[in-house]
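Please look over the sequence and the 3D structure shown here before reading on.

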Number of protein chains: 2
Amino acid sequence: MIDSYLEHAKVAKRSVQNLSDEQKVDFLMELSKRILSLKQEVMEANIQDLNKMPESDPKYDRLLLDESRIEAICKGVQEVARLEDPSGKVLYRNEKENGLVIEKRTVPLGVVGVVYESRPNVTVDVSALAFRSGNVALLRGGTDAFHTNKFFVDLIQELLVEQGLDPHAVQLLPTDREVVLELLHARGFVDVIIPRGSQSLIDFVRENATVPVIETGAGVCHLYVHHSADLDKALAIAVNSKVSRPSVCNALECLLIDQNIAEDFLSRLAPEFSKFNIEVFADSFAYGVLLNKDYPKLYQANLESFGKEYLALKCTVRVVAGLDEAMNHIDRYSSKHTDGILAQDQGVIELFMENVDSAAVYSNASTRFTDGGEFGLGAEIGISTQKLHARGPFALEKLITEKWFVQGDGQTR
Amino acid sequence: MIDSYLEHAKVAKRSVQNLSDEQKVDFLMELSKRILSLKQEVMEANIQDLNKMPESDPKYDRLLLDESRIEAICKGVQEVARLEDPSGKVLYRNEKENGLVIEKRTVPLGVVGVVYESRPNVTVDVSALAFRSGNVALLRGGTDAFHTNKFFVDLIQELLVEQGLDPHAVQLLPTDREVVLELLHARGFVDVIIPRGSQSLIDFVRENATVPVIETGAGVCHLYVHHSADLDKALAIAVNSKVSRPSVCNALECLLIDQNIAEDFLSRLAPEFSKFNIEVFADSFAYGVLLNKDYPKLYQANLESFGKEYLALKCTVRVVAGLDEAMNHIDRYSSKHTDGILAQDQGVIELFMENVDSAAVYSNASTRFTDGGEFGLGAEIGISTQKLHARGPFALEKLITEKWFVQGDGQTR
């Protein structure tokens, strides 16, 4: 079903990877201008999608593009244009005695497949990131956003043709269900698949892809309150990590508290958490303390409460004997996304940060900072919970691979 | 069956990753000395393995350790000790206005599983590389080399204990068949699996592992003789690429020749190739020319001849119309390991090298140089044909991952 898309991508790959930095920047700056000048048309296309969905659907807001969101998309494209081109860098050079010149250079991955859901901004974001780094983008967006996505990709392809470039550098795949599997199995045509969306989408991609995947995983984030913590700061950080945006992967899901400060800390936490109607799943010690404080939405934790990604105003609370028990809990139940310690003892902080094996480890700050923008990477592609190739928030710089160039004049071995 | 090994590895991981550079170097220098002083004992253990196998078995030579091979192993360990520690480097630092300090640092992967066959030197090489980069090594060697492997690992563990280190930093797994699958499925315990050995071993690992794999792939290497080539040099390079060690992955498997020089080049190639008794699988044009020259071991190429990894004194020969046809052939049939062009036209060389999508691309040199040692990387772990994480020959520097360290003083978002 997508054979012709794949063949076109293979041809486009060669021309996109040979574009100059200037050509890529010019294209993106022009794209940003063009979208901005067509705000009205974007919204009209978007309304065709919105009309198929009741406003009460939680996806409605994710799908909606208004003027300010369109402007934000254009600003994003300009930011990507301003990022440094990650390809073409010489990482290693060795001129051997026999005259052989060996270089390892960064080059584009080739063809990047992206599978995503209802947010139409992903279409433009990912196209810009792929193009900036010299890659072809094959986009499989959600059916809900079809008209909006098609408007954007038609526009991109028009502009590619105007600039004398291969329009197949960015392609929108059909929304038929079987297309996803075909894309995941397109070894030899697609170099990497990046899923963007819900955990079930990511799981489906990981379990079915034969093409390599950069996995952007779940966030079962922990905070450990050590007995040396400044409890005022710890309280503010725990509350912020939990409530500032509970639906995202860097939100707090489980709070671990040293036993000798647990009663004190929980007594202060209870009124703050109850302000936000947070359901607490507490181990027996914490349950006793919170029951005593008449905490309104209190449940006993069971084994499922550990390692649970709520993505909601719910939180697991467990009291631990100390650092080792906290680290063992995190080792066992964390999704290795973001885990932090709240403490004043520098030795304990270092032990925690060195030994907790997560993509991002924190001391004394909200888990909510784990984000490409907050970290200063520019437009984020995702947050990887893998250890190979990309880890934690990643952007443009991970859409490349390495390639060895060996130049000789008759050398044999 | 290997649960206790995995649990021990998990504990050892924390201590190995916290060792200082000096501790790691001292250990390896001492290990090298120790093995050197026990050459006789190594050979005695090795004889127990050799005695189980007839000398005529092709594995006999791979298994055999004599004095010079043991010395080479020790030299290898010293070289690894001298390599720079790839962990602990700050790759990125961002001190935000709110005081948050964000760093991305290189850290050890954690637990590295290696599955290999009869060469016992791999046991020491890989242990040294894993230890140097702060990783725990879980080794699953072949049954054939059991006594030799056990001697080496016992020695390593003894020395670890002597130096007050965790002996489980290097562990030899039982040789039972089911151990391989258990290792490949040990998600959460093993961070990466590296297969070293035959293509069938590598395929088995790739197809069965749920732990991430760094795949060291087959080498279906091509050379393309462009009509601008210096035919004397081209001839020497083609012969060297094919004959100098036909059993290895960087040996030539398929020669592509521009039509307008094909008769001339093949006439010169025929006497050279026949000296080495090379069986040639030729397309119809080349077949006609070589038949005319009474080439002794000549066969007509069929579709199986394209993309075939012979690992023997056999070679596919195809005549092409020019650069595009050559690149299309390589795109379709290469294993993306090493492919080269023989030409004097710089423009053509550049087009070839930029557009051929292989781990290593060459101009005017033997494919046989694709090797960690030849490239100057020190002890090679393997040659990756993946695009993510590691590509081409890789060593110590790929046994690490990245980790984000975020240090705050109460920051919330």
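The paragraphs below take up an annotated span, then the interface, then some local details.

The model is predicted. For chain A, the UniProt record, an unreviewed entry, lists residues 3-294 as "domain: Aldehyde dehydrogenase". In the model this span is 52% helix and 17% strand, and its end C-alpha atoms lie 62 Å apart.

Next comes the interface of chain A and chain B. The size of an interface is often given as the accessible area lost when the parts come together. Here the area buried between chain A and chain B is about 6200 Å², with 46% of it given by carbon and sulfur atoms. A:L388, A:W404 and A:R413 together supply 14% of what chain A buries against chain B, more than any other three residues. In terms of contacts, 73 residues of chain A touch 73 residues of chain B.

What polar links cross this interface? The rule finds 61 residue pairs in polar contact between chain A and chain B, counting pairs with both residues at pLDDT 80 or more. On the side of chain A that touches chain B, strand 16 (residues 400-411) of chain A gives the most, with 11 residues. That side of chain A is made up of 27 nonpolar, 22 polar and 24 charged residues. The count of salt bridges between chain A and chain B is 14. In one salt bridge, the side chain of A:R413 meets that of B:E374 at 3.4 Å, N to O. A:R413 is also among the three residues named above for their share of the buried area.

Strand pairing also joins the two chains. Strand 13 (residues 360-365) of chain A pairs with strand 16 (residues 400-411) of chain B in the parallel sense, over 5 bridges. Within strand 16 of chain B, B:V406 is the bridge partner of A:Y362.

Over all chains, a search of the whole structure finds 68 salt bridges. Within chain A, the side chains of A:E253 and A:K242 form a salt bridge at 3.2 Å, N to O.

Two backbone details remain. Most residues other than glycine have a negative phi. A:K336, however, has a positive phi near 65°, and A:K336 sits in the loop between helix 13 (323-333) and strand 12 (338-342) of chain A. For B:N277, phi is positive as well, near 60°. The place of B:N277 is the loop between helix 11 (259-275) and strand 9 (279-282) of chain B.

Note on methods:
Residues numbered from 1 in each chain as written. Chains lettered and ligands numbered in written order. Predicted model: local features only at pLDDT ≥ 70, side-chain atom pairs only at ≥ 80, totals over all residues. Heavy atoms only, no water. UniProt positions renumbered as here; feature names shortened; annotations may be inferred. Helix = DSSP H or I, 4+ residues; strand = E, 2+ residues; numbered from the N terminus. Contact = heavy atoms within 4.5 Å. Buried area = accessible area lost by both parts, 1.4 Å probe. Salt bridge = Lys/Arg side-chain N within 4 Å of Asp/Glu carboxyl O. Polar contact = N/O pair within 3.5 Å; in protein donor to acceptor, adjacent residues only side chain to side chain. Nonpolar A, V, L, I, M, F, W, Y, C, P; charged D, E, K, R; others polar. Pairing = 2+ DSSP bridges.
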